[in-house]
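Please look over the sequence and the model below before reading on.

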Amino acid sequence: MKISLNQLKSYVEINVPVEELCDRMVMAGFEVESIEKQGDNLVNVVVARIAELAPHENSDHLQICQMDIGCDELVQIVTGAQNIKEGDLVPAALNDSHLPCGAHIMSGKLRGVESHGMLCSGEELCLTEADYEGASVYGILILRDEYAPGTDMREVLGLDDYIIDFK
């Protein structure tokens, strides 16, 4: 039987790491087949607010975004997305991030302008409409709820969880 640790916590108070919980369950006679950490394939992707948006001088379709990721300084990301505007909350894959689609994002230059990450679509996050409303929209995923800039996207998507498989 598979159960989410977060679901289990809604029924009983658990104040120990998942490994210790499983050890205690084994000692109580419940065999644990496996522990699966959700969101392992989504690394260094955070909620970002578009603070400023400007056209790229050397492109007719690229835009330069100044992103608020909850730090003291804004992070610059160049994007080709056309469905965004200042104030939008979006998923931002920062330098040295990994996406579920298999992409590894690094800082670089796009047509001579520094870009320290990438704004993500639902497709790049391997999401469907069933996972998150608006995920199938062509372009960048615009988050529908209010989140603090810098919030880990695993938390937003409910992937900050473990699945425990009991025999």
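## A pair of strands

How many bridges join strand S4 to S5, and do the two run parallel or antiparallel? In this predicted model, strand S4 (residues 63-68) is joined to S5 by 5 bridges, and the two strands run antiparallel. Within this pairing, Gln66 has Gln76 of S5 as its bridge partner. The hairpin that S4 and S5 form has 6 residues between the strands, and in this hairpin Gly70 adopts a positive phi near 85°.

Strand S5 (residues 75-79) is largely enclosed by the rest of the structure, because 4 of its 5 residues are buried, where buried means under 20% relative accessible area.

## The chain as a whole

The protein chain contains 3 helices and 11 strands, and along the sequence these follow the pattern β-α-α-β-β-β-β-β-β-β-β-β-α-β. Taken along the principal axes, the C-alpha atoms fill a box of roughly 65 × 30 × 25 Å.

Of the 167 residues in the protein chain, 40% are buried, while the chain exposes about 9,600 Å², with carbon and sulfur atoms supplying 49% of that area. Among contacts with a separation of 6 or more, 60% are between residues 24 or more positions apart.

## The largest pocket

The largest pocket holds about 290 Å³ of space and has a lining of 14 residues, with Ala81, Ser121, Tyr138, Gly139 and Ile140 lying nearest its centre. Sorted by class, the lining of this pocket comprises 5 nonpolar, 7 polar and 2 charged residues.

Notes:
Residues numbered from 1 in each chain as written. Predicted model: local features only at pLDDT ≥ 70, side-chain atom pairs only at ≥ 80, totals over all residues. Heavy atoms only, no water. 1 Å grid on protein atoms, 1.4 Å probe; cavity = no way out; pocket = protein on both sides within 12 Å on 5 of 7 lines; lining within 4 Å. Points joined across faces, edges and corners; volume = space filled by probe spheres on them. Nonpolar A, V, L, I, M, F, W, Y, C, P; charged D, E, K, R; others polar. Buried < 20%, exposed > 50% of the residue type's maximum accessible area, 1.4 Å probe, protein only. Contact = heavy atoms within 4.5 Å. Areas by Shrake-Rupley, 256 points an atom, 1.4 Å probe, with all protein chains shown as cover. Pairing = 2+ DSSP bridges.
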